[in-house]
Amino acid sequence: MQKFIPNLWFAGNAEEGGQFYSGIFPDTSSFVESRYPTEGLLEFQEPLAGQPLTVTLNIAGTQLALVNAGNHFTPNPSISFMLSFDPANYSDDAEAADKALSQTWEKLVDGGTVLMALDTYPFSGSYGWVQDRYGISWQLMRTEAGQSETFVTPALMFGGAAQNQAVPAVDFYVQVFADAQVGSRFPYPEATEVTTEGAVMFSDFKMAGQNFAAMDSAVAQPFTFTPGISLEVQCEDQSEIDRLWEALSAVPEAEQCGWLQDKYGVSWQVVPNNMGELMSRPGAFEKLLQMKKLVIEDF
């Protein structure tokens, strides 16, 4: 079971988004996992009665959840998804990998915004960063053959209020979560307009066998982390929920329905791994709305 599931906020069009991505990425499928009930909704949720609540998206073995909601939050590039086009997956043919990358890029750019042009860079023969029509950001990169472990890697960019916090944040996460370790770190070779000593232009780390990346922005950013993209943590039991909630939650007013915000601004959902079964119980949705930290026995 995938322990960390990125949740992407959609303004009522999550099912459409799942179908869009299923037609773009290799080995990708989507399905409606849960629906809003028809009764017991909050006033702002009433237009969504009976509609999809969550849509599961599986991209080449990596699960993401598309949260169907209103326009209260929007994703931004502070959390993006790196897509590794590894020639090893294309019969060791770099040109074939570049072609697949270019085709994917063209589909994501349609209706989206280019953040870094698709081009050759010192770190990759083919790379580009795009924010798609739904506001989700993707970094497409052709890697060296055999270099990538997974196709999708969530990447956290520390900018705005979280500028230069990539290293302490990663150290904190590795301490909080079991089976976690720091990987490589590449500091900025020289100062930029906003970076300080120790800031990293790229780093990676693992938690529960899953790959993540982190970096400090090289320029001033007008945004930082929001609930527009959150990280859902699948917990074994109430004890793990309690421990992670205590360790992570740093903004009491952000606590709601299992959601919290940590001291770096990253939003997390701390949930039991049988959440689907709990939500199928009578009255579960109404009970969920009354909770901050989730208490399994109260469902």
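Are Tyr173 and Tyr264 buried or exposed? Both Tyr173 and Tyr264 are buried, where buried means under 20% relative accessible area, exposed over 50%, and partly exposed in between (1.4 Å probe, protein chains only).

This is a predicted model: local features need pLDDT of at least 70, side-chain atom pairs count only at pLDDT 80 or more, and totals for chains, interfaces and linings use all residues. Residues are numbered from 1 along each chain as its sequence is written, and side-chain values use heavy atoms, with hydrogens and water left out.

## The sheet

Helices (H or I, at least four residues) and strands (E, at least two) are DSSP runs, numbered from the N terminus. Two strands pair if DSSP finds at least two bridges between them. Seven strands form an open sheet of mixed pairing, in the order E2-E3-E4-E1-E13-E15-E14. Strand E2 (28-35) and strand E14 (259-261) stand at the edges with a single partner strand each, so one side of each is left without a neighbour in the sheet. From one strand to the next, the twist averages 30 degrees. Axes here are lines fitted to C-alpha atoms, for helices over the stretch in contact, and angles run from 0 to 180 degrees between N-to-C directions.

Strand E1 (residues 4-10) pairs with strand E4 (residues 62-68) in the parallel sense, over four bridges. Trp9 stands opposite Val67 in E4. Helix H4 (residues 238-248) packs on the sheet and touches strand E13 (229-235), E14 and strand E15 (267-272). Contact means heavy atoms within 4.5 Å. The direction of H4 makes about 165 degrees with that of E15.

## Aromatic pairs

The structure holds 26 aromatic pairs. Rings of Phe, Tyr and Trp (its six-membered ring) pair if their centres lie within 6.5 Å; planes under 30 degrees apart count as stacked, over 60 as edge-to-face and the rest as tilted. Tyr36 and Phe285 form an edge-to-face pair, 6.1 Å centre to centre with 70 degrees between the planes. Tyr36 lies in the loop between E2 and strand E3 (52-59) and Phe285 in helix H6 (residues 284-289), so the pair ties together parts that are 249 residues apart in sequence. Both Tyr36 and Phe285 are buried.

Tyr173 and Tyr264 also form an edge-to-face pair, at 6.2 Å centre to centre and 80 degrees between the planes. This pair links distant parts of the chain, with Tyr173 in helix H3 (residues 166-176) and Tyr264 in the loop between E14 and E15, 91 residues apart. Tyr173 and Tyr264 belong to one aromatic cluster, together with Phe4, Phe172, Phe177, Phe205, Phe212 and Trp268. Lys263 lies over the face of Phe172, at 4.4 Å from the ring centre. A charge sits over a ring if NZ of Lys or CZ of Arg is within 6 Å of the ring centre and within 35 degrees of the ring normal.

## Helix H3

Eight of the 11 residues of H3 are buried, so H3 is largely enclosed by the rest of the structure. Among the buried residues are Val167, Phe172 and Tyr173. What covers them includes strand E9 (152-158), E10, E11, strand E12 (210-216), H4 and E15.

Thr28 is found in strand E2. At 14% relative accessibility, Thr28 counts as buried. Its contacts include Tyr21, Leu57 and Ile59, not counting residues up to four places away in sequence. Arg133 lies in the loop between strand E7 (124-131) and strand E8 (137-142). Arg133 is partly exposed, with a relative accessible area of 38%. Arg133 touches Phe20, Asp110, Gly111 and Gly112, again leaving out residues up to four places away in sequence.

The table gives polar contacts (a pair of N or O atoms within 3.5 Å; within protein, one must be able to donate a hydrogen and the other to accept it, and residues adjacent in sequence count only if both atoms are side-chain atoms).

| Side chain | Backbone oxygen | Distance |
|---|---|---|
| Thr28 | Phe25 | 3.3 Å |
| Thr28 | Pro26 | 2.9 Å |
| Arg133 | Asp110 | 3.3 Å |

## Positive phi

Most residues other than glycine have a negative phi. Asp27 has a positive phi of about 50 degrees although it is not a glycine. Asp27 lies in the loop between helix H1 (14-22) and E2, and is exposed at a relative accessible area of 64%. Asp179 has a positive phi near 55 degrees. Asp179 is found in the loop between H3 and E10, and counts as exposed at 61% relative accessibility.
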